[in-house]
Amino acid sequence: MTNTLHRYGNERNLSNDFIVFAIPCRGYNDKDSVPKLKRFLRTATKYNPVNLGDGSHGGAYRPSKNLNPTAHWSRENKPDFETVIEGVDTPTTVAAVFDNIRAVEEFVAELQKEDLGLSINISALIDRAQECCDDVGIARHSVEYSLGFMGQTDRLADRQVMELSTMCGHGMISFNFARKMIDWVKEGRRTPEQACNYFSRFCSCGIFNPTRAKEILEEARRRNS
Amino acid sequence: MIIDPKKCVACGNCVAVCPMGAIHINPETKRATVNQDECVECYTCFRGMSTEHLNPTMVRTIRKIGSWFRWRFDPEPDVCPTAAITEQELAWPRIVRRAFSDPVVPHESTGVHGRGTEEVKTNDVTNRVGPNDAGFTVEFGRPTVGVRFWQIQEMTTALARMGIEFEKRNPVTSLMTDTTTGEIRTDILNEKILSAIVEFKTTLANAPAVLQKIKEVARALDTIVAVGAAARCDEQGENRLEELLIREGFTFNRGKTNLGLGRPSPSAEMEIAQARATVG
(Lines give C-alpha, C1' and ligand atoms only; values in the text may rest on other atoms or scores of the structure.)
Protein backbone atom coordinates (compact mmCIF):
# COMPACT_ATOMS: atom_id res chain seq x y z
CA MET A 1 0.00 0.00 0.00
CA THR A 2 1.29 3.43 -0.88
CA ASN A 3 -0.43 4.92 2.08
CA THR A 4 2.36 7.24 3.16
CA LEU A 5 4.14 8.05 -0.09
CA HIS A 6 2.07 11.02 -1.19
CA ARG A 7 1.68 12.90 2.08
CA TYR A 8 1.24 16.49 1.06
CA GLY A 9 3.12 19.33 2.65
CA ASN A 10 6.13 21.59 2.55
CA GLU A 11 9.66 20.87 3.68
CA ARG A 12 9.08 22.64 6.98
CA ASN A 13 6.04 20.74 8.16
CA LEU A 14 7.23 17.42 6.74
CA SER A 15 10.72 17.60 8.22
CA ASN A 16 9.69 15.96 11.50
CA ASP A 17 7.19 13.50 10.06
CA PHE A 18 8.52 9.95 9.97
CA ILE A 19 6.80 6.64 9.51
CA VAL A 20 8.87 3.51 10.03
CA PHE A 21 7.16 0.35 8.99
CA ALA A 22 7.78 -3.37 8.82
CA ILE A 23 6.21 -5.44 6.10
CA PRO A 24 6.39 -9.21 5.64
CA CYS A 25 6.74 -10.39 2.05
CA ARG A 26 4.07 -12.89 1.05
CA GLY A 27 5.58 -16.26 0.23
CA TYR A 28 9.07 -15.24 1.32
CA ASN A 29 9.00 -14.47 5.03
CA ASP A 30 5.39 -13.97 6.07
CA LYS A 31 4.98 -17.32 7.82
CA ASP A 32 5.87 -16.93 11.51
CA SER A 33 6.14 -13.15 11.06
CA VAL A 34 3.53 -12.24 13.69
CA PRO A 35 5.90 -12.42 16.71
CA LYS A 36 8.43 -10.32 14.78
CA LEU A 37 5.82 -7.71 13.94
CA LYS A 38 4.89 -7.49 17.60
CA ARG A 39 8.55 -7.17 18.54
CA PHE A 40 8.89 -4.32 16.02
CA LEU A 41 6.01 -2.46 17.63
CA ARG A 42 7.14 -3.11 21.16
CA THR A 43 10.62 -1.90 20.37
CA ALA A 44 9.12 1.24 18.83
CA THR A 45 7.36 2.11 22.07
CA LYS A 46 10.75 2.64 23.71
CA TYR A 47 11.27 5.71 21.52
CA ASN A 48 8.04 7.61 22.18
CA PRO A 49 6.15 7.21 18.91
CA VAL A 50 3.16 9.47 18.40
CA ASN A 51 1.14 6.68 16.81
CA LEU A 52 1.37 2.95 16.17
CA GLY A 53 -0.58 0.99 13.64
CA ASP A 54 -1.52 -2.42 12.35
CA GLY A 55 -2.84 -2.44 8.78
CA SER A 56 -5.41 -5.14 9.59
CA HIS A 57 -6.90 -3.78 12.78
CA GLY A 58 -6.14 -0.12 13.22
CA GLY A 59 -4.04 2.41 15.03
CA ALA A 60 -3.56 3.51 18.59
CA TYR A 61 -6.66 5.72 18.43
CA ARG A 62 -9.82 3.79 17.60
CA PRO A 63 -13.53 4.53 17.43
CA SER A 64 -15.84 3.15 20.11
CA LYS A 65 -18.99 1.32 19.19
CA ASN A 66 -20.71 1.68 22.53
CA LEU A 67 -20.38 5.26 23.66
CA ASN A 68 -22.68 6.62 26.29
CA PRO A 69 -23.96 10.21 26.06
CA THR A 70 -21.41 11.52 28.58
CA ALA A 71 -18.79 10.99 25.83
CA HIS A 72 -19.85 14.35 24.37
CA TRP A 73 -18.38 16.01 27.46
CA SER A 74 -15.63 13.66 28.44
CA ARG A 75 -13.96 11.14 26.19
CA GLU A 76 -10.96 8.84 26.33
CA ASN A 77 -8.32 10.35 24.04
CA LYS A 78 -5.09 8.60 24.93
CA PRO A 79 -3.31 6.34 22.44
CA ASP A 80 -3.53 2.67 23.32
CA PHE A 81 -0.32 1.05 22.12
CA GLU A 82 -0.90 -2.20 23.97
CA THR A 83 -4.11 -2.91 22.07
CA VAL A 84 -2.28 -2.41 18.79
CA ILE A 85 0.56 -4.74 19.76
CA GLU A 86 -1.59 -7.49 21.22
CA GLY A 87 -4.03 -7.26 18.34
CA VAL A 88 -1.53 -8.24 15.64
CA ASP A 89 -2.64 -11.73 14.67
CA THR A 90 -1.92 -12.01 10.96
CA PRO A 91 0.97 -11.06 8.65
CA THR A 92 0.37 -7.41 7.86
CA THR A 93 2.13 -4.07 7.66
CA VAL A 94 2.81 -2.45 11.01
CA ALA A 95 3.96 1.12 11.47
CA ALA A 96 5.38 3.49 14.06
CA VAL A 97 5.09 7.25 13.61
CA PHE A 98 7.66 9.63 15.07
CA ASP A 99 7.96 13.38 15.28
CA ASN A 100 11.73 13.69 15.61
CA ILE A 101 14.68 12.22 13.78
CA ARG A 102 16.64 11.27 16.88
CA ALA A 103 13.93 8.77 17.90
CA VAL A 104 13.91 7.31 14.39
CA GLU A 105 17.67 6.87 14.36
CA GLU A 106 17.72 5.16 17.73
CA PHE A 107 14.81 2.93 16.73
CA VAL A 108 16.39 1.96 13.43
CA ALA A 109 19.73 1.27 15.14
CA GLU A 110 17.99 -1.12 17.51
CA LEU A 111 16.10 -2.76 14.63
CA GLN A 112 19.41 -3.43 12.94
CA LYS A 113 20.61 -5.26 16.04
CA GLU A 114 17.29 -7.14 16.42
CA ASP A 115 17.66 -8.49 12.89
CA LEU A 116 14.02 -9.38 12.44
CA GLY A 117 14.58 -10.36 8.80
CA LEU A 118 11.56 -8.28 7.73
CA SER A 119 11.69 -5.39 5.28
CA ILE A 120 11.91 -2.08 7.13
CA ASN A 121 11.10 1.17 5.35
CA ILE A 122 11.19 4.83 6.34
CA SER A 123 8.62 7.11 4.79
CA ALA A 124 9.75 10.73 5.17
CA LEU A 125 11.45 13.56 3.33
CA ILE A 126 14.04 11.77 1.22
CA ASP A 127 16.88 13.87 2.59
CA ARG A 128 15.83 13.22 6.16
CA ALA A 129 15.60 9.47 5.58
CA GLN A 130 19.05 9.61 3.99
CA GLU A 131 20.32 11.54 7.00
CA CYS A 132 18.99 8.82 9.25
CA CYS A 133 20.62 6.10 7.16
CA ASP A 134 23.95 7.92 7.18
CA ASP A 135 23.87 8.45 10.93
CA VAL A 136 22.99 4.80 11.59
CA GLY A 137 25.43 3.46 9.01
CA ILE A 138 22.98 1.87 6.57
CA ALA A 139 23.12 2.19 2.79
CA ARG A 140 19.69 2.60 1.20
CA HIS A 141 18.56 -0.54 -0.63
CA SER A 142 15.76 0.96 -2.72
CA VAL A 143 13.93 4.28 -2.85
CA GLU A 144 10.51 5.25 -4.14
CA TYR A 145 10.03 8.92 -5.00
CA SER A 146 6.69 10.70 -4.78
CA LEU A 147 6.27 12.63 -8.03
CA GLY A 148 3.12 14.36 -6.88
CA PHE A 149 -0.33 14.70 -8.36
CA MET A 150 -1.41 14.86 -11.98
CA GLY A 151 -4.75 14.82 -13.73
CA GLN A 152 -7.62 17.07 -12.67
CA THR A 153 -5.79 18.80 -9.84
CA ASP A 154 -8.57 21.39 -9.60
CA ARG A 155 -10.49 18.64 -7.81
CA LEU A 156 -7.99 18.86 -4.98
CA ALA A 157 -8.58 20.94 -1.89
CA ASP A 158 -6.59 23.83 -0.48
CA ARG A 159 -3.22 23.32 1.10
CA GLN A 160 -4.17 22.89 4.75
CA VAL A 161 -7.00 20.51 3.93
CA MET A 162 -4.62 18.51 1.72
CA GLU A 163 -2.00 18.38 4.46
CA LEU A 164 -4.51 16.95 6.91
CA SER A 165 -6.41 14.68 4.54
CA THR A 166 -3.36 13.06 2.93
CA MET A 167 -1.99 12.12 6.33
CA CYS A 168 -4.33 9.20 6.10
CA GLY A 169 -3.00 7.65 2.95
CA HIS A 170 -5.99 5.38 2.48
CA GLY A 171 -8.29 8.34 2.07
CA MET A 172 -10.24 7.83 5.27
CA ILE A 173 -10.11 11.54 6.17
CA SER A 174 -12.35 13.32 3.73
CA PHE A 175 -11.68 16.83 2.50
CA ASN A 176 -15.03 17.88 3.96
CA PHE A 177 -14.18 16.58 7.41
CA ALA A 178 -10.75 18.21 7.37
CA ARG A 179 -12.34 21.51 6.37
CA LYS A 180 -15.00 21.10 9.06
CA MET A 181 -12.37 20.58 11.75
CA ILE A 182 -10.31 23.53 10.58
CA ASP A 183 -13.45 25.66 10.82
CA TRP A 184 -14.34 24.28 14.26
CA VAL A 185 -10.86 25.07 15.55
CA LYS A 186 -11.03 28.57 14.11
CA GLU A 187 -14.44 29.06 15.73
CA GLY A 188 -13.13 27.88 19.07
CA ARG A 189 -15.52 24.92 19.14
CA ARG A 190 -12.67 22.44 19.46
CA THR A 191 -9.00 22.59 20.31
CA PRO A 192 -6.42 21.38 17.79
CA GLU A 193 -5.75 18.41 20.03
CA GLN A 194 -9.41 17.39 20.07
CA ALA A 195 -9.59 17.70 16.28
CA CYS A 196 -6.47 15.54 15.94
CA ASN A 197 -8.08 12.81 18.02
CA TYR A 198 -11.03 12.68 15.62
CA PHE A 199 -8.71 12.43 12.62
CA SER A 200 -6.60 9.75 14.28
CA ARG A 201 -9.61 7.53 14.86
CA PHE A 202 -10.48 7.52 11.16
CA CYS A 203 -6.99 6.51 10.07
CA SER A 204 -7.39 2.74 10.00
CA CYS A 205 -3.71 1.80 9.82
CA GLY A 206 -2.37 4.17 12.46
CA ILE A 207 -0.01 6.28 10.36
CA PHE A 208 -1.65 9.58 11.19
CA ASN A 209 0.80 12.00 12.85
CA PRO A 210 -1.10 13.96 15.53
CA THR A 211 1.89 16.17 16.34
CA ARG A 212 2.11 17.40 12.77
CA ALA A 213 -1.66 17.73 12.50
CA LYS A 214 -1.74 19.92 15.60
CA GLU A 215 0.83 22.25 14.07
CA ILE A 216 -1.19 22.48 10.85
CA LEU A 217 -4.37 23.26 12.79
CA GLU A 218 -2.63 25.86 14.94
CA GLU A 219 -1.46 27.60 11.80
CA ALA A 220 -4.89 27.23 10.17
CA ARG A 221 -6.45 28.84 13.22
CA ARG A 222 -4.43 31.99 12.62
CA ARG A 223 -4.58 32.19 8.85
CA ASN A 224 -5.73 30.55 5.65
CA SER A 225 -3.24 28.63 3.59
CA MET B 1 -23.58 1.19 2.64
CA ILE B 2 -27.05 2.23 3.70
CA ILE B 3 -28.40 4.38 6.49
CA ASP B 4 -31.36 2.93 8.32
CA PRO B 5 -34.14 5.53 8.04
CA LYS B 6 -35.81 4.15 11.16
CA LYS B 7 -32.72 5.01 13.21
CA CYS B 8 -31.30 8.09 11.48
CA VAL B 9 -31.97 11.41 13.23
CA ALA B 10 -30.41 13.58 10.50
CA CYS B 11 -27.75 15.01 12.78
CA GLY B 12 -25.52 15.35 9.70
CA ASN B 13 -22.35 14.00 11.29
CA CYS B 14 -21.86 11.38 8.59
CA VAL B 15 -22.20 13.90 5.77
CA ALA B 16 -18.73 15.41 6.18
CA VAL B 17 -17.14 12.08 7.01
CA CYS B 18 -17.76 10.43 3.63
CA PRO B 19 -14.63 10.68 1.43
CA MET B 20 -16.76 10.60 -1.70
CA GLY B 21 -19.31 13.15 -0.49
CA ALA B 22 -21.92 10.50 -1.18
CA ILE B 23 -24.09 11.22 1.87
CA HIS B 24 -26.59 14.04 2.17
CA ILE B 25 -29.66 14.81 4.26
CA ASN B 26 -32.64 14.26 1.99
CA PRO B 27 -34.85 17.35 2.44
CA GLU B 28 -38.01 15.34 1.83
CA THR B 29 -37.41 12.38 4.08
CA LYS B 30 -35.21 14.30 6.52
CA ARG B 31 -32.89 11.34 6.74
CA ALA B 32 -29.27 10.85 5.71
CA THR B 33 -29.17 9.15 2.33
CA VAL B 34 -26.32 7.45 0.52
CA ASN B 35 -25.87 7.91 -3.21
CA GLN B 36 -25.19 4.26 -4.06
CA ASP B 37 -23.45 5.01 -7.33
CA GLU B 38 -20.99 7.35 -5.63
CA CYS B 39 -20.53 5.18 -2.54
CA VAL B 40 -17.36 3.13 -2.87
CA GLU B 41 -17.99 0.89 0.17
CA CYS B 42 -14.87 2.18 1.87
CA TYR B 43 -16.49 1.68 5.32
CA THR B 44 -15.14 5.02 6.57
CA CYS B 45 -18.58 5.87 7.95
CA PHE B 46 -19.36 2.41 9.29
CA ARG B 47 -16.00 1.65 10.86
CA GLY B 48 -14.49 5.06 11.45
CA MET B 49 -17.39 6.67 13.28
CA SER B 50 -18.03 5.87 16.89
CA THR B 51 -21.60 5.01 17.80
CA GLU B 52 -24.09 5.51 20.57
CA HIS B 53 -27.32 3.55 20.70
CA LEU B 54 -29.78 6.25 21.65
CA ASN B 55 -33.48 5.99 21.07
CA PRO B 56 -34.13 7.71 17.71
CA THR B 57 -37.55 9.07 18.70
CA MET B 58 -36.11 10.66 21.81
CA VAL B 59 -33.23 12.20 19.87
CA ARG B 60 -35.50 13.55 17.13
CA THR B 61 -37.79 15.10 19.72
CA ILE B 62 -34.94 16.79 21.51
CA ARG B 63 -33.51 18.07 18.22
CA LYS B 64 -36.93 19.36 17.17
CA ILE B 65 -37.44 21.29 20.40
CA GLY B 66 -33.90 22.62 20.20
CA SER B 67 -34.48 23.83 16.64
CA TRP B 68 -37.48 25.94 17.76
CA PHE B 69 -35.11 27.95 19.94
CA ARG B 70 -32.19 27.67 17.50
CA TRP B 71 -30.24 25.89 20.20
CA ARG B 72 -27.24 24.15 18.81
CA PHE B 73 -26.06 21.02 20.51
CA ASP B 74 -22.36 20.61 19.94
CA PRO B 75 -21.97 16.85 19.57
CA GLU B 76 -18.81 14.93 18.93
CA PRO B 77 -18.56 15.13 15.11
CA ASP B 78 -17.36 11.56 14.61
CA VAL B 79 -20.30 9.90 16.35
CA CYS B 80 -23.49 8.40 14.98
CA PRO B 81 -25.90 8.75 17.92
CA THR B 82 -28.17 5.90 16.87
CA ALA B 83 -25.83 3.47 15.04
CA ALA B 84 -27.88 4.04 11.90
CA ILE B 85 -25.13 3.27 9.41
CA THR B 86 -25.67 -0.27 8.22
CA GLU B 87 -23.50 -2.47 6.03
CA GLN B 88 -25.18 -4.37 3.27
CA GLU B 89 -24.29 -7.69 1.74
CA LEU B 90 -22.25 -7.09 -1.36
CA ALA B 91 -22.36 -9.20 -4.48
CA TRP B 92 -20.26 -9.09 -7.60
CA PRO B 93 -19.45 -6.67 -9.15
CA ARG B 94 -20.19 -4.21 -6.32
CA ILE B 95 -18.00 -6.20 -3.94
CA VAL B 96 -14.96 -5.07 -5.92
CA ARG B 97 -15.63 -1.56 -4.60
CA ARG B 98 -14.96 -2.66 -1.06
CA ALA B 99 -11.91 -4.69 -2.05
CA PHE B 100 -10.26 -1.56 -3.41
CA SER B 101 -11.66 1.01 -1.02
CA ASP B 102 -11.66 -0.54 2.45
CA PRO B 103 -8.03 -0.74 3.54
CA VAL B 104 -8.76 -3.27 6.27
CA VAL B 105 -9.89 -5.91 3.79
CA PRO B 106 -6.99 -7.86 2.24
CA HIS B 107 -7.02 -8.19 -1.52
CA GLU B 108 -7.80 -11.78 -2.47
CA SER B 109 -5.29 -11.79 -5.28
CA THR B 110 -2.32 -10.66 -3.17
CA GLY B 111 -3.35 -11.18 0.44
CA VAL B 112 -2.09 -7.66 1.16
CA HIS B 113 -4.18 -5.03 2.92
CA GLY B 114 -4.53 -1.45 1.87
CA ARG B 115 -4.02 -1.03 -1.82
CA GLY B 116 -2.81 -4.61 -2.00
CA THR B 117 0.68 -4.01 -3.24
CA GLU B 118 4.11 -4.43 -1.71
CA GLU B 119 6.03 -2.37 -4.30
CA VAL B 120 9.63 -1.65 -3.39
CA LYS B 121 8.82 -1.91 0.28
CA THR B 122 9.91 -5.56 0.02
CA ASN B 123 12.44 -5.11 -2.77
CA ASP B 124 15.22 -6.23 -0.45
CA VAL B 125 13.52 -9.63 -0.36
CA THR B 126 12.18 -9.95 -3.90
CA ASN B 127 14.70 -7.85 -5.88
CA ARG B 128 11.86 -7.20 -8.26
CA VAL B 129 13.21 -3.81 -9.28
CA GLY B 130 16.82 -4.30 -10.33
CA PRO B 131 19.68 -1.85 -10.90
CA ASN B 132 18.65 -1.17 -14.51
CA ASP B 133 14.94 -0.92 -13.80
CA ALA B 134 12.55 1.85 -12.94
CA GLY B 135 9.57 0.69 -10.89
CA PHE B 136 6.35 2.68 -11.10
CA THR B 137 3.24 3.02 -9.01
CA VAL B 138 0.45 4.98 -10.67
CA GLU B 139 -2.32 5.58 -8.20
CA PHE B 140 -5.76 6.76 -9.20
CA GLY B 141 -8.48 8.47 -7.23
CA ARG B 142 -6.57 9.59 -4.23
CA PRO B 143 -6.96 11.74 -2.20
CA THR B 144 -10.71 11.32 -1.78
CA VAL B 145 -11.74 11.85 -5.38
CA GLY B 146 -12.30 8.26 -6.45
CA VAL B 147 -11.98 6.61 -9.83
CA ARG B 148 -13.83 4.16 -12.05
CA PHE B 149 -12.11 1.20 -13.64
CA TRP B 150 -12.71 2.44 -17.17
CA GLN B 151 -10.57 5.45 -16.31
CA ILE B 152 -7.81 3.17 -15.06
CA GLN B 153 -8.08 1.20 -18.28
CA GLU B 154 -7.30 4.36 -20.26
CA MET B 155 -3.91 4.36 -18.56
CA THR B 156 -3.24 0.60 -18.55
CA THR B 157 -3.95 0.23 -22.27
CA ALA B 158 -1.70 3.20 -23.08
CA LEU B 159 1.11 1.82 -20.92
CA ALA B 160 0.76 -1.71 -22.29
CA ARG B 161 1.65 -0.34 -25.74
CA MET B 162 4.96 0.89 -24.34
CA GLY B 163 6.42 -2.50 -23.53
CA ILE B 164 6.19 -2.21 -19.77
CA GLU B 165 5.79 -5.22 -17.49
CA PHE B 166 2.77 -5.14 -15.16
CA GLU B 167 3.47 -6.49 -11.69
CA LYS B 168 1.80 -9.89 -11.38
CA ARG B 169 1.21 -9.61 -7.64
CA ASN B 170 -1.03 -6.58 -7.95
CA PRO B 171 -4.82 -6.44 -7.59
CA VAL B 172 -5.37 -4.35 -10.74
CA THR B 173 -3.24 -6.72 -12.82
CA SER B 174 -5.31 -9.63 -11.51
CA LEU B 175 -8.40 -7.97 -13.00
CA MET B 176 -6.90 -7.60 -16.47
CA THR B 177 -8.23 -9.89 -19.17
CA ASP B 178 -4.97 -9.48 -21.07
CA THR B 179 -1.83 -7.99 -19.55
CA THR B 180 -0.33 -7.47 -23.00
CA THR B 181 -3.09 -5.01 -23.83
CA GLY B 182 -3.92 -3.72 -20.35
CA GLU B 183 -7.64 -4.37 -20.80
CA ILE B 184 -9.65 -4.83 -17.65
CA ARG B 185 -12.63 -7.15 -17.36
CA THR B 186 -15.70 -5.43 -18.70
CA ASP B 187 -18.14 -6.26 -15.89
CA ILE B 188 -16.41 -3.89 -13.45
CA LEU B 189 -15.50 -1.00 -15.72
CA ASN B 190 -18.14 1.29 -14.28
CA GLU B 191 -17.53 0.38 -10.65
CA LYS B 192 -16.27 3.31 -8.62
CA ILE B 193 -13.53 2.82 -6.04
CA LEU B 194 -11.61 5.03 -3.64
CA SER B 195 -8.29 4.29 -5.27
CA ALA B 196 -6.18 1.70 -7.01
CA ILE B 197 -2.53 1.37 -7.89
CA VAL B 198 -1.23 0.18 -11.21
CA GLU B 199 2.23 -1.20 -10.69
CA PHE B 200 4.82 -1.99 -13.31
CA LYS B 201 8.46 -1.72 -14.18
CA THR B 202 10.43 -0.81 -17.23
CA THR B 203 14.04 -0.14 -18.11
CA LEU B 204 15.69 3.07 -17.02
CA ALA B 205 16.14 3.87 -20.71
CA ASN B 206 12.39 3.63 -21.30
CA ALA B 207 11.45 5.57 -18.17
CA PRO B 208 11.39 9.10 -19.70
CA ALA B 209 8.95 8.04 -22.43
CA VAL B 210 6.78 6.25 -19.88
CA LEU B 211 6.69 9.32 -17.64
CA GLN B 212 5.60 11.50 -20.54
CA LYS B 213 2.87 9.03 -21.46
CA ILE B 214 1.59 8.97 -17.87
CA LYS B 215 1.40 12.77 -17.85
CA GLU B 216 -0.37 12.82 -21.19
CA VAL B 217 -3.03 10.26 -20.23
CA ALA B 218 -3.51 11.74 -16.75
CA ARG B 219 -4.35 15.15 -18.25
CA ALA B 220 -7.37 13.63 -19.99
CA LEU B 221 -8.77 11.77 -16.97
CA ASP B 222 -11.33 13.32 -14.63
CA THR B 223 -9.59 12.08 -11.53
CA ILE B 224 -6.31 12.50 -9.66
CA VAL B 225 -3.26 10.48 -10.59
CA ALA B 226 -0.40 10.22 -8.09
CA VAL B 227 2.85 8.79 -9.38
CA GLY B 228 5.70 7.08 -7.62
CA ALA B 229 8.97 6.02 -9.23
CA ALA B 230 11.30 3.52 -7.61
CA ALA B 231 14.91 2.49 -7.98
CA ARG B 232 17.31 -0.09 -6.65
CA CYS B 233 20.31 1.60 -5.07
CA ASP B 234 23.95 0.63 -5.34
CA GLU B 235 26.22 -0.27 -2.43
CA GLN B 236 26.66 3.39 -1.60
CA GLY B 237 22.90 3.91 -1.51
CA GLU B 238 22.80 5.93 -4.73
CA ASN B 239 20.77 5.32 -7.89
CA ARG B 240 20.51 6.61 -11.45
CA LEU B 241 16.78 7.22 -11.39
CA GLU B 242 16.98 10.33 -9.22
CA GLU B 243 19.05 12.23 -11.77
CA LEU B 244 16.79 11.04 -14.58
CA LEU B 245 13.71 12.34 -12.80
CA ILE B 246 15.28 15.75 -12.29
CA ARG B 247 16.30 15.86 -15.96
CA GLU B 248 12.69 15.11 -16.91
CA GLY B 249 11.57 18.12 -14.93
CA PHE B 250 10.17 16.42 -11.84
CA THR B 251 10.60 17.87 -8.37
CA PHE B 252 10.18 15.74 -5.30
CA ASN B 253 10.98 15.85 -1.64
CA ARG B 254 9.20 12.87 -0.17
CA GLY B 255 9.67 9.16 -0.59
CA LYS B 256 10.00 5.74 0.91
CA THR B 257 13.38 4.29 1.71
CA ASN B 258 13.89 0.55 1.97
CA LEU B 259 16.69 -0.14 4.45
CA GLY B 260 17.65 -3.53 3.06
CA LEU B 261 17.09 -5.40 6.33
CA GLY B 262 14.66 -7.97 4.95
CA ARG B 263 15.46 -11.43 3.62
CA PRO B 264 13.59 -14.61 2.68
CA SER B 265 13.12 -17.06 5.53
CA PRO B 266 15.35 -20.18 5.39
CA SER B 267 12.41 -22.38 4.35
CA ALA B 268 11.43 -19.94 1.61
CA GLU B 269 15.03 -19.82 0.39
CA MET B 270 15.05 -23.60 0.05
CA GLU B 271 11.80 -23.53 -1.89
CA ILE B 272 13.13 -20.81 -4.20
CA ALA B 273 16.32 -22.80 -4.80
CA GLN B 274 14.33 -25.97 -5.51
CA ALA B 275 12.05 -24.12 -7.90
CA ARG B 276 15.08 -22.70 -9.75
CA ALA B 277 16.66 -26.16 -9.94
CA THR B 278 13.45 -27.60 -11.40
CA VAL B 279 13.21 -24.84 -14.01
CA GLY B 280 16.91 -25.08 -14.75
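**Helix packing in chain A**

Reply: The axes of helix 4 of chain A and helix 5 of chain A come within 10 Å and cross at roughly 50 degrees. The model is predicted: local features require pLDDT of at least 70, side-chain atom pairs count only at pLDDT 80 or more, and totals for chains, interfaces and linings use all residues. Residues are numbered from 1 along each chain as its sequence is written, with chains lettered from A and ligands numbered from 1 in the order in which they are written.

Me: Why is helix 4 of chain A called oblique to helix 5 of chain A?

Reply: Angles under 35 degrees count as roughly parallel, over 145 as roughly antiparallel, 65 to 115 as roughly perpendicular, and the rest as oblique. The crossing is at roughly 50 degrees, and therefore helix 4 of chain A is oblique to helix 5 of chain A. The angle itself runs from 0 to 180 degrees between N-to-C directions, with axes fitted to C-alpha atoms over the stretch in contact. The crossing of these two helices is right-handed, a term for a near helix turned clockwise from the far one by less than a right angle.

Me: Which residues make the contact of helix 4 of chain A with helix 5 of chain A, and what makes a residue nonpolar, polar or charged?

Reply: Helix 4 of chain A contributes Ile101(A), Val104(A), Glu105(A), Val108(A), Ala109(A) and Gln112(A), while helix 5 of chain A contributes Arg128(A), Glu131(A), Cys132(A), Asp135(A) and Val136(A). Contact requires C-beta atoms, placed from the backbone, to lie within 7 Å. Ala, Val, Leu, Ile, Met, Phe, Trp, Tyr, Cys and Pro count as nonpolar, Asp, Glu, Lys and Arg as charged, and the others, Gly among them, as polar. By that scheme the contact has six nonpolar, one polar and four charged residues.

Me: How do helix 2 and helix 4 of chain A cross?

Reply: The axes of helix 2 (residues 34-44) and helix 4 of chain A come within 10 Å and cross at roughly 145 degrees. Helix 2 of chain A passes helix 4 of chain A in a right-handed crossing. Arg39(A), Thr43(A) and Ala44(A) of helix 2 meet Phe107(A), Glu110(A), Leu111(A) and Glu114(A) of helix 4. The class division is three nonpolar, one polar and three charged.

Me: What makes helix 7 of chain A oblique to helix 9 of chain A?

Reply: Their axes come within 9 Å and cross at roughly 60 degrees, and therefore helix 7 of chain A counts as oblique to helix 9 (residues 210-222) of chain A. This crossing is right-handed. Ile182(A), Val185(A) and Lys186(A) of helix 7 form the contact with Leu217(A), Ala220(A) and Arg221(A) of helix 9. The contact divides into four nonpolar, no polar and two charged residues.

**The sheet and the chain contact**

Me: How do you know that strand 6 of chain A pairs with strand 15 of chain B?

Reply: Two strands pair if DSSP finds at least two bridges between them. Four bridges join strand 6 of chain A to strand 15 (residues 254-258) of chain B, and the two run antiparallel. The bridge partner of Glu144(A) is Lys256(B), and Val143(A) stands opposite Thr257(B).

Me: What makes a strand of the sheet an edge strand?

Reply: Eleven strands form an open sheet in the order 3(A)-2(A)-4(A)-1(A)-5(A)-15(B)-6(A)-14(B)-7(B)-13(B)-9(B), with antiparallel pairing. Strand 3 (58-59) of chain A and strand 9 (165-166) of chain B each pair on one side only, and these are the edge strands. Helix 2 of chain A packs on the sheet, touching strand 1 (18-23), strand 2 (51-54) and strand 4 (94-98) of chain A.

Me: How many residues does the contact between the chains take?

Reply: The contact takes 76 residues from chain A and 84 residues from chain B. Strand 6 of chain A gives the most to the chain A side, with nine residues. That side divides into 33 nonpolar, 31 polar and twelve charged residues.

**Confidence**

Key: Two residues are in contact if their C-beta atoms, placed from the backbone, lie within 7 Å.
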